[in-house]
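Here is a short report for a reader new to this structure. Start with the sequence and the model below.

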Amino acid sequence: MLSSESTTTQPKGTKPMYLTEHQVAEMTGFALQTLRNWRFRGEGPRYLKVAKRSIRYLESDVNEFMQRNLIETEEVANAA
């Protein structure tokens, strides 16, 4: 889900890693069309629109999105 309140910090001295939608699809296993649908509906990881037809995602935002949607199973919860 998109959130303007979400802040992602990069470790000092490192450059942010910008990914294309194809790289994000490969990295996450989501279909390209799923990423496009999410953008249309205002869902999914935050993204940058750097030109009319050029979309980029910060790698840290994609990782944060995946972590935010992590669901613990009972087995994992009981082990802790």
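The side chains of Arg 36 and Glu 21 make a polar contact of 2.8 Å. A polar contact is a pair of N or O atoms within 3.5 Å; within protein, one must be able to donate a hydrogen and the other to accept it, and residues adjacent in sequence count only if both atoms are side-chain atoms. This is a predicted model: local features need pLDDT of at least 70, side-chain atom pairs count only at pLDDT 80 or more, and totals for chains, interfaces and linings use all residues. Residues are numbered from 1 along each chain as its sequence is written, and side-chain values use heavy atoms, leaving out hydrogens and water.

Arg 36 sits in helix α2. Helices (H or I, at least four residues) and strands (E, at least two) are DSSP runs, numbered from the N terminus. The C-alpha atoms of Arg 36 and Ile 55 are 10.0 Å apart.

Asp 61 belongs to helix α3. Its side chain forms a polar contact with that of Arg 46, at 3.2 Å.

Buried means under 20% relative accessible area, exposed over 50%, partly exposed in between (1.4 Å probe, protein chains only).

| Residue | Relative accessible area | Class |
|---|---|---|
| Arg 36 | 34% | partly exposed |
| Asp 61 | 6% | buried |

The largest nonpolar core has nine residues, among them Trp 38, Ile 55, Tyr 57 and Phe 65. Such a core is a set of buried Ala, Val, Leu, Ile, Met, Phe, Trp, Tyr and Cys residues joined through side-chain atoms within 4.5 Å.
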